[in-house]
Amino acid sequence: MRQRPGPTYRWSIWRRGLWRYRLTTAGVGLATLSVATVVHNPPLALSVAAATAGALVSALEIRGNRRRARQFRFHPREGDDYRDITEQATGPKRVLENAHSTGIVRIAESARLRDLRIRCEVTPTSYLLGRDLRRWSFDFLARHARTAAMHNAAVLGLATDLPTGTDDRVVTLRPAQYFDFFCSNLLASYDVYEAGRDTLALRGRDLILDHRGRLRGFADSGLANVVGVSTLAFTIDGRLLLVAQTRDNMGIGGALRELREECHLEPHEIAESAVLGYGRWMSRGGTPEFCTVTLLKITAEQVLRRTVRWAERPYVGEVLAVHVPPTIEWNPEAPLTLMPAENRHSASWPPAFSLSCLTDCMTDETWPQRAAIAAVVDQ
């Protein structure tokens, strides 16, 4: 689900800050206590000692934490194409790159997901950041929270890999918090250096690789691996809806609910929805991504006449309805060609992934939704 700023977000940051600066908090408490006891006429020396101790403890810890914060920097690996990792990934796959990100479309798992139900269970044990991640979590989170629109919502992460073929094993999901995803999967796309030096304190790639240098499975991963879900939506007159999200939107998931909220749709205006595929977004720590397609009962004009709700404005920049080529021209290897040229560069990885999976499905004449989508697009 998309993460929204609010009381939960502010409380989570504040609570983490209280723990990080616990000695400072104690110092302020001591100083406050000394002031409060003045009304009861305690010995002057006691009040002065408490106030001095509180101020000293607070000053020392603030100084120590500021010094620590200046000792390292987070460096994004923007040029990392993960090619060495994606080439070694086992099983049928398609490596999908766009201007900003790299990911893998998992072909066998996608086919299994479309054909058969997958049994899932949620473990009672929540995800817990490992010690190596906790070391950096507060500073990484605090630096990005200054501009990102997010809050610490409850989410689910994959704890095991998806089955393929006739495998009927149960997939395990694990409760987590959005900040866990931020401080694990998103941190994996950064390297941490000591400030002013080239000394590497944390190599983000190591968080997603095993001892052989291959991509870790979810059962062997120390990251939150929060599930993300996106959807493609076609109006009744064959237009593809694109939601231009603002740069501050750091959130994930919740396909149909997100579609309704972002495009101001009512439940009765949705005709049907179907699963398209599954992949891993390498540029976000190999996080699991799912995609769906939705057919609407209304026209593009009806959607575009609606203004973006006030609550959505921090996340949604614009809603577009674009024409797509006839389905006979769709190419899974070049999914962004379904979008207008002016929108291709700005598209994030999930739309490219979703379009790739959709074009895969349309090559399968047995796919149940194939005729309905062709009828809408090729009318």
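This is a predicted model: local features need pLDDT of at least 70, side-chain atom pairs count only at pLDDT 80 or more; totals for chains, interfaces and linings use all residues.
Residues are numbered from 1 along each chain as its sequence is written, and side-chain values use heavy atoms, with hydrogens and water left out.

The protein chain comprises twelve helices and 13 strands (DSSP runs numbered from the N terminus; helices are H or I of at least four residues, strands E of at least two). Where contacts (heavy atoms within 4.5 Å) join residues at least 6 apart in sequence, 74% are between residues at least 24 apart.

The whole structure contains eight aromatic pairs (ring centres of Phe, Tyr and Trp, the last by its six-membered ring, within 6.5 Å; planes under 30 degrees apart are stacked, over 60 edge-to-face and the rest tilted). Y178 and F181 make a tilted pair, with 5.7 Å from centre to centre and 40 degrees between the planes. About one helical turn separates Y178 from F181, because they are three residues apart in helix α7. Both Y178 and F181 are buried. The pair of W281 and W349 is stacked, at 5.9 Å centre to centre and 25 degrees between the planes. This pair links distant parts of the chain, 68 residues apart: W281 belongs to strand β11 (residues 270–281) and W349 to helix α11 (residues 349–362). W281 is buried at a relative accessible area of 8%, and W349 is buried at 0%. One aromatic cluster consists of F74, F140, Y178, F181, F182 and Y190.

S184 lies in the loop between α7 (178–182) and β7 (190–194). The relative accessible area of S184 is 0%, and the residue is therefore buried. Leaving aside residues up to four places away in sequence, S184 touches Y127, L129, L133, L207, L223 and A224.

One cavity of 30 Å³ or more is present (a set of points on a 1 Å grid over the protein atoms alone where a 1.4 Å probe fits but cannot get out; lining residues have an atom within 4 Å of a point). The largest cavity holds about 30 Å³ of space, the volume being that filled by probe spheres set on grid points joined across faces, edges and corners. Its lining includes L207, L223 and R280.

Note on methods:
Buried means under 20% relative accessible area, exposed over 50%, partly exposed in between (1.4 Å probe, protein chains only). On a 1 Å grid over the protein atoms alone, a cavity is a set of points where a 1.4 Å probe fits but cannot get out, and a pocket is an open set with protein on both sides within 12 Å along at least five of seven lines; lining residues have an atom within 4 Å of a point.
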